[in-house]
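Look at the charged side chains first, then at the helix packing.

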Amino acid sequence: MDAIRTEALTKYYGRIRGMENVSLTVERGQLFGLIGPNGAGKSTLIRTLLGLVRPTAGRAQMLGLDTVKDRERILARTGYLPAEPAFWPGMRVRDVLRLSAELRGMDCGKAAERLCRRLELDPSRRADQLSLGNKKKTAIVCALQHEPELLIADEPTSGLDPLMQREFFALLSERRAAGATVFLSSHVLSEVQRHCSHAAVIRQGGVIAAGAVEQLIHTGARRVSIRGCVCLEGLDGVRDERVTDEGADFLYSGDMDALLAALARGQIQDLAITEPTLEEVFLHYYGKGGAENDARPA
């Protein structure tokens, strides 16, 4: 049974498109990253999966249950980390954590204490006086203290310092080891490449690529970095070229023999040919027509 499955999932806000024909599968136990810039449709997809908004068309399942018909049963087994957490004024962190647990009919006191200690979060602080980072820590504890089968996190590391980001992903690794699934959205491509096993690229409300992170990176293109002098004019397959007085740097997806022949005609002092990063692959996808906002009239 898949943790998440969507079939042609579509959401319009009147005539404004939020997402369209999103078909996606997240298997149990994966740490799955949804990547795209602001406005691409990431939050719309997450809100629809959680039943916070109803889809215009299509269908979705989480943990084998329908996200519309079985919303409460799904939420009982799911943790949610919003991009911008907000709490009732006047409450202290410990009150927020206790309320979150009581809404689920659970006693999560020991787990909450352990998570607060790991995240260096003071439960006696007033929630409405917290910094963004400490608000995010509070939301992380709320999302994880009941040990959910599925965690959905929207831009989870925004506001966290590098040490807390590392601790957060350590917590996610522990949840995965216990059999949980993690679905997170991010525009920080390096963290998706470093931590996620699978990912999808979303653009203008639709998924344009999905699969194992290693497969997404292996597009057949190579990053070529040259120190020296070489003429690339007429060489097919060169893109994102950056030329300086010291050399050139570009992505290459053409014939390798043609590249080597061009290099042989130059004066090369140093050469590196490597796999592109996920960021370069992402920019390649978004370069096809531009990274336009997905919220537009149909």
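## Salt bridges and a helix contact

Arginine 242 and aspartate 249 pair through their side chains in a salt bridge, at 3D distance 2.8 Å from N to O. The model is predicted. The two partners fall into separate burial classes: aspartate 249 is buried at 16% relative accessible area, while arginine 242 is partly exposed at 47%. Aspartate 249 counts as buried because the cut-off is under 20%.

How many salt bridges does a search of the whole structure find? The search returns 14.

| Pair | N to O distance |
|---|---|
| Arginine 242 and aspartate 249 | 2.8 Å |
| Glutamate 149 and arginine 77 | 2.8 Å |
| Lysine 42 and glutamate 155 | 3.7 Å |

Take lysine 42 and glutamate 155 next. Their side chains meet in a salt bridge at 3.7 Å, N to O. This pair links distant parts of the chain, 113 residues apart. Lysine 42 belongs to helix H1 (residues 42-49). Glutamate 155 sits in the loop between strand E7 (150-154) and H6.

Now the salt bridge of glutamate 149 with arginine 77. Its closest N and O atoms are 2.8 Å apart. Glutamate 149 lies in the loop between helix H5 (132-144) and E7, and arginine 77 in the loop between helix H2 (71-76) and strand E6 (78-81), so the bridge ties together parts 72 residues apart in sequence. Glutamate 149 is partly exposed, with a relative accessible area of 28%. Arginine 77 is also partly exposed, at 25% relative accessibility. Shared partners extend this pair: salt bridges join Arg28, Arg77 and Glu149 into one network.

The helix contact comes last. Two packed helices are described by the angle and the distance between their axes. Which values describe H4 and H6? The axes of helix H4 (residues 109-119) and helix H6 (residues 162-177) come within 10 Å. They cross at roughly 145°. On the H4 side, the contact involves Leu115, Arg118 and Leu119. On the H6 side, Met164, Glu167, Ala170, Leu171 and Glu174 take part. By class, this contact has 5 nonpolar, 3 charged and no polar residues.

Notes. Residues are numbered from 1 along each chain as its sequence is written. This is a predicted model: local features need pLDDT of at least 70, side-chain atom pairs count only at pLDDT 80 or more; totals for chains, interfaces and linings use all residues. Side-chain values use heavy atoms; hydrogens and water are left out. Axes are lines fitted to C-alpha atoms, for helices over the stretch in contact, and angles run from 0 to 180 degrees between N-to-C directions. Helices (H or I, at least four residues) and strands (E, at least two) are DSSP runs, numbered from the N terminus. Contact means heavy atoms within 4.5 Å. Ala, Val, Leu, Ile, Met, Phe, Trp, Tyr, Cys and Pro count as nonpolar, Asp, Glu, Lys and Arg as charged, and the others, Gly among them, as polar. A salt bridge is a side-chain nitrogen of Lys or Arg within 4 Å of a carboxyl oxygen of Asp or Glu. Buried means under 20% relative accessible area, exposed over 50%, partly exposed in between (1.4 Å probe, protein chains only).
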